[in-house]
Amino acid sequence: MHILHVVGARPNFMKAAPVFHALRMRHGVRQTIVHTGQHYDANLSDVFFSQLEMPVPDVNLAVGSGSHARQTAEVMTRFEPVVLETKPDVVLVYGDVNSTVAAALVCAKLGVRVGHVEAGLRSFDRSMPEEINRLVTDQLADALYTPSEDGDINLKREGVSPEKIFRVGNVMIDSLVKLLPFAQRQSRSGIPERYALVTLHRPANVDDSATLKSLLESLLEVNQDLSVVFPAHPRTRQRISDFGLNAEQLQLLDPLPYLDFLNLQSRATVVITDSGGIQEETTYLGVPCLTLRENTERPVTVSLGTNVLVGRDPDKLRSELRLVIAGKAKRGTVPPLWDGHAGERIATLLAGRASQ
Ligand code: UD1
């Protein structure tokens, strides 16, 4: 059986790695990795491959940045001949980035089976590019691997046949479980004892100067009580400079490798973020997470985990932070099947199909 994995952007890599490693243990499985090149900076891509012990991709489509239409179209144009040439039995796509939907669309038109890992998540906010990617990918996929029950419910409501849905748990947590002991041995030199770890990169938060200015002002206020450590996505750094905003007192860092970031997350007093995956990682780690978004496609991190949605309301951020500092932050539990074995469950399902 030939399985082709498509990855493109930072959050894909830690999801694909456990599935790749689990399939490597199976007899009669051949694997190909295609990197679309959506993320191309070494510290958003290469370093993740080495830390996750993934081989260099077999193919790099080198699509680079561009508008959503251009980036999606470039992946489609460059990926189609790869599928025709390599003839995979199944193509696995991950998460919700532009590369995910582009690859799924190519395969659906060519009649090649698609498995979507991390299916069924919904924010119900179509102004988020990722929500469009999730909706379309899930309609096209032949096998939908969900991380939690809400995913199954969403898919069934959208008319996806239940036989296609497999609740396998959270593959991103597989990578965390495996690598946390190594991560905690990384150096934290220059990082204070207590700190708020911040990430911010959503277009809705960073592409408008007034919104970004107000968020940075809130973070400067946080910094009075708790040092802010802020590994910044290249897009965010660019916007801070384009808009001439003040972030000088914040400890702004370049994007960090996976192990270094995991290390900082696991020791943080609080994490403040607009990311998707970080809401899940903090829930697993039991670290308080304040999410700078009005909604989340990962509701179990709120209902079971440590996540609180603060939106862009500075008062809410202030009051939640006060609770954290007073040691009264929300406590949580780890959702079912977030146990480090989701990749193996996917491999078993795929290998079972091969032997039928
Ligand atoms: C993408 C995903 C987002 C994910 C994020 C994680 C989509 C729609 N968005 O957003 O869901 O949370 O990755 O990081 O797929 N850039 C660089 N170097 C790179 C890549 C990008 O400098 O290696 C800069 C470029 O200026 C580019 C901008 O970042 O225009 C945005 O990159 P893009 O791939 O369009 O989306 P992300 O914001 O990274």
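I count a contact when heavy atoms lie within 4.5 Å. I also keep in mind that this is a predicted model.

**Entry 1: a helix pair.** I started with helix 7, residues 171–183, and helix 12, residues 277–285. Which residues meet here? From helix 7 I noted Met172, Ile173, Leu176, Val177 and Leu180, and across from them Gly277, Glu280, Glu281, Tyr284 and Leu285 of helix 12. By kind, the residues of this contact come to seven nonpolar, one polar and two charged.

Next I looked up the geometry. The axes of helix 7 and helix 12 are 10 Å apart, and the packing angle is about 50°. Angles from 65 to 115 degrees would be roughly perpendicular and those under 35 roughly parallel, so I wrote down helix 7 and helix 12 as oblique to each other. The crossing of helix 7 with helix 12 is right-handed.

**Entry 2: Thr32.** I found Thr32 in strand 2, which covers residues 30–35. Is Thr32 buried or exposed? Its relative accessibility is 8%, and buried means under 20%, so Thr32 goes down as buried. What does its side chain pair with? I found a polar contact at 2.6 Å between the side chains of Thr32 and His2. Leaving out residues up to four places away in sequence, I listed His2, Ile3, Leu4, His5 and Asp58 as touching Thr32.

**Entry 3: Gln51.** Helix 2 runs over residues 46–51, and Gln51 lies in it. With 17% relative accessibility, Gln51 also counts as buried. I then followed the Gln51 side chain to two backbone nitrogens. The backbone nitrogen of Tyr258 is 3.1 Å from a polar atom of that side chain, and for the backbone nitrogen of Leu259 I noted 2.7 Å. Tyr258 and Leu259 are among the residues that Gln51 touches, together with Leu179, Pro257 and Asp260, with those up to four places away in sequence not counted.

**Entry 4: Gly95.** My last stop was the loop between strand 4 (90–94) and helix 4 (98–110), where Gly95 sits. At 1% relative accessibility, I put Gly95 down as buried.

Notes:
Residues are numbered from 1 along each chain as its sequence is written. This is a predicted model: local features need pLDDT of at least 70, side-chain atom pairs count only at pLDDT 80 or more; totals for chains, interfaces and linings use all residues. Side-chain values use heavy atoms; hydrogens and water are left out. Axes are lines fitted to C-alpha atoms, for helices over the stretch in contact, and angles run from 0 to 180 degrees between N-to-C directions. Helices (H or I, at least four residues) and strands (E, at least two) are DSSP runs, numbered from the N terminus. Angles under 35 degrees count as roughly parallel, over 145 as roughly antiparallel, 65 to 115 as roughly perpendicular and the rest as oblique. A crossing is left-handed if the near helix is turned anticlockwise from the far one by less than a right angle, and right-handed if clockwise. Ala, Val, Leu, Ile, Met, Phe, Trp, Tyr, Cys and Pro count as nonpolar, Asp, Glu, Lys and Arg as charged, and the others, Gly among them, as polar. Buried means under 20% relative accessible area, exposed over 50%, partly exposed in between (1.4 Å probe, protein chains only). A polar contact is a pair of N or O atoms within 3.5 Å; within protein, one must be able to donate a hydrogen and the other to accept it, and residues adjacent in sequence count only if both atoms are side-chain atoms.
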